[in-house]
Amino acid sequence: MRRLASGAAIVAVLVLAACTGKGGGKAQHGTAGAGQQKGGTLYVNAARAFTHLDPQRDYYGDIIDFESRTIVRTLTTFPAAEGAASTDVVPDVATDTGTRSADAKTWTFTLKPDVKWQDGKPVTCADFKYGISRTFATDVINNGPSYALDYLNIPRDDSGQAAYDGPYKKHGQAEFDKSIDCPSPNKIVFHLRHPVADFYQTLTLPAFAAVRQDKDTGPKYDSEVFSDGPYMIQGTWDLRRGGTLVRNPYWVASSDNVRKAYPEKIVTTFGDTADTVYAKLEADNGTQKNTVTTTSAPPAAVATVLSGPTQGRSESVNDGFIHYLSVNVDKVPNKQVRQALAMAVDRTAYVTAWGGSAAGAPANSLISPLLKAYTKYDPFGVGDKGNPDKARAVMQASGVHLPYPITFEYSKDPTQDKAATNLKVELEKAGFKVTLNGLDPDNYYDIIANPHQTSELTWARWASDWPSGSTVIPPLMDGRQNISKTTLGNDYAAYNDPTTNQAIDTALSLTDAGAQQQAWSALDQRVVKDGVIIPMMASKSLYLYGSNVKGFLLNAAYGGFVDLAVVAVQ
């Protein structure tokens with residue numbers, strides 16, 4: 001699904017992951033009926049703040065997981081289940097997973113009649129249509145998934161972009177209105193410009209959630225999300241400090257087959273370091289007994305969590321995220337220099353800096369090994385440890401002056417600092433002069449998406465939004481998402497390669513799933529060979545929770561984060 005920001009696990013993703021519990025027994029894990037009862041206060045403590053809570057602006061796995069289970073409902077969703085079972089799409093606000101036309105360009109859904117906003121008004125087709133329209137207002141509602149901009153059948157302008165700029169300016173409103181029909185308040189019909197065989201999976205993203213027009217406050221909606229889920233914000237939400245959720249009195253349990261909403265209240269706090277979060281959870285005092293976290297265990301805590309007295313209340317998951325380095329082609333136009341960067345890096349050292357095999361394994365692909373589109377690939381013949389000497393020879397042959405200056409931007413925390421320091425040593429052996437620039441993890445992706453602030457080399461992390469390469473290659477490598485010249489979207493390499501863009505369009509038009517995954521694999525190999533993307537690690541996540549927490553499970557569909565749909569406190 002999407003990017004993660006710091007040493008703590010973060011981006012949105014549907015991954016075919018293996019999830020294993022540690023010692024707690026099935027009475028402590030799983031869905032309803034595992035000893036959970038209604039009542040009490042659940043605490044969520046995380047190192048990284050939820051930068052955006054606005055559903056159309058959210059593209060972090062931990063936030064998608066959090067809001068999708070509490071204050072935002074979608075037409076379809078994922079069940080509260082472990083491992084691969086979590087990726088089986090189920091109805092949410094819709095009565096089923098939709099009816100598609102033979103060409104997969106038209107999708108029809110019927111809404112349940114008893115889904116209510118927090119003031120008791122029914123959720124309608126118009127609300128979903130309006131919420132989706134906000135994605136097009138990229139100058140106001142930005143940094144979220146851009147699938148709607150590509151998928152909906154809206155005429156293109158001269159630059160190839162949808163000729164609609166959202167509900168605030170309303171240019172092209174009539175054309176947008178044709179792309180989503182509301183034949184009745186409880187029926188919605190999507191008209192797509194090309195086949196999307198897995199569109200019902202796309203609709204699990206909060207970017208396709210309803211927003212009521214009279215409650216939309218534009219950029220302020222981040223702190224004022226109006227709920228149609230089982231909880232609602234008490235007062236206002238502080239994007240840096242967190243907030244409190246209380247019950248939505250108009251949520252109808254019978255309309256919701258996934259969310260059990262056990263806690264009476266959910267209190268979320270941000271700001272502790274990952275080490276502090278885990279020190280508190282290990283101590284298990286006071287409210288920590290009722291606490292879960294969206295921050296994965298930092299390297300210093302891994303040994304204790306796995307082998308200490310806390311192991312009976314921990315759980316781990318292969319989370320489907322790929323850590324990678326993005327090389328900005330505008331600032332590093334020489335292909336050989338980009339390839340030298342890829343040759344020089346030591347992926348094994350990177351994995352060690354993150355905690356070793358408990359944290360992940362070296363990666364050679366932008367696509368996770370958990371997906372069918374994955375192909376193992378080593379275009380430079382340097383293996384996981386890299387070869388700075390070979391990289392230096394390529395640099396010298398390219399004719400550039402050595403040392404070649406670059407700045408490496410990354411999301412700053414102790415783990416990242418260690419990994420960045422190692423990387424600096426490796427690259428300087430190859431003939432680079434490296435400046436490290438650790439950035440604030442709370443708004444890291446907003447910074448590196450700005451073309452005026454993006455450096456030569458940036459760190460990022462991504463996992464698929466659902467189990468397909470179509471949620472990896474297009475969102476990351478289609479440079480046409482840079483439509484306002486103020487954001488690179490998720491294409492931090494500023495790639496925007498016409499040949500790649502055309503290949504993406506061709507792959508998206510395929511209706512044969514196998515052929516489409518092969519196309520994504522070929523594109524993956526292209527960007528790796530061109531030195532545009534440098535894969536580093538396929539990651540794992542390990543979590544600890546308080547002793548009073550019941551029903552704890554890590555949902556692979558959301559990148560391996562705790563599933564608040566079924567968590568309760570004793």
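**Sheets, helix packing and a pocket in the predicted model**

Strands β10 and β11 pair in the antiparallel sense over five bridges, and within this pairing G243 stands opposite T268 of β11. The coordinates examined here are those of a predicted model. The two strands belong to an open sheet of five strands, in which the order is β9-β10-β11-β2-β12 and the pairing is mixed. Because β9 (231-233) and β12 (291-292) stand at the edges, each with a single partner strand, one side of each is left without a neighbour in the sheet. Helix α1, which spans residues 61-70, packs on this sheet and touches β9, β10 and β11, its direction making about 160° with that of β11. The loop between β10 (242-247) and β11 (265-270) contains A261, a residue that has a positive phi of about 50° although it is not a glycine.

A further open sheet consists of four strands in the order β5-β6-β8-β7, with antiparallel pairing. Its edge strands are β5 (99-100) and β7 (180-184), each of which pairs on one side only. Along the order of the sheet, β5 is joined to β6 (residues 106-110) by two bridges in the antiparallel sense, with T99 standing opposite T108 of β6. The antiparallel pairing of β6 with β8 extends over five bridges, and here F109 has I188 of β8 as its bridge partner. Between β7 and β8, which also run antiparallel, there are three bridges; D181 stands opposite V189 of β8, and the two strands form a hairpin with two residues between them. Helix α2 (residues 125-133) packs on the sheet, where it touches β7 and β8 (187-191), and the direction of α2 makes about 170° with that of β7.

Packing between helices is illustrated by α8 (residues 335-344) and α10 (residues 388-398), whose axes lie 8 Å apart and meet at an angle of about 170°. Helix α8 is therefore roughly antiparallel to α10, since angles over 145 degrees are counted in that class. On the α8 side the contact is made by Q336, V337, A340, M343 and A344, whereas α10 contributes P388, K390, A391, V394, M395, A397 and S398. In terms of residue class, the contact of α8 with α10 comprises nine nonpolar residues, two polar residues and one charged residue. In the loop between α10 and β15 (404-411) lies P403, which is joined to L402 by a cis peptide bond with omega of about 0°.

The second largest pocket holds about 400 Å³ of space. Its lining consists of 22 residues, of which K372, P467, S468, A513 and Q517 are the closest to the centre of the pocket. Two or more lining residues are given by each of α5 (199-202) and α15 (513-529), and the largest share, six residues, comes from α15. By class, the lining of this pocket divides into nine nonpolar, 10 polar and three charged residues.

Conventions
Residues are numbered from 1 along each chain as its sequence is written. This is a predicted model: local features need pLDDT of at least 70, side-chain atom pairs count only at pLDDT 80 or more; totals for chains, interfaces and linings use all residues. Side-chain values use heavy atoms; hydrogens and water are left out. Axes are lines fitted to C-alpha atoms, for helices over the stretch in contact, and angles run from 0 to 180 degrees between N-to-C directions. Angles under 35 degrees count as roughly parallel, over 145 as roughly antiparallel, 65 to 115 as roughly perpendicular and the rest as oblique. Contact means heavy atoms within 4.5 Å. Ala, Val, Leu, Ile, Met, Phe, Trp, Tyr, Cys and Pro count as nonpolar, Asp, Glu, Lys and Arg as charged, and the others, Gly among them, as polar. On a 1 Å grid over the protein atoms alone, a cavity is a set of points where a 1.4 Å probe fits but cannot get out, and a pocket is an open set with protein on both sides within 12 Å along at least five of seven lines; lining residues have an atom within 4 Å of a point. Grid points are joined across faces, edges and corners, and a volume is the space filled by probe spheres set on the points. Two strands pair if DSSP finds at least two bridges between them.
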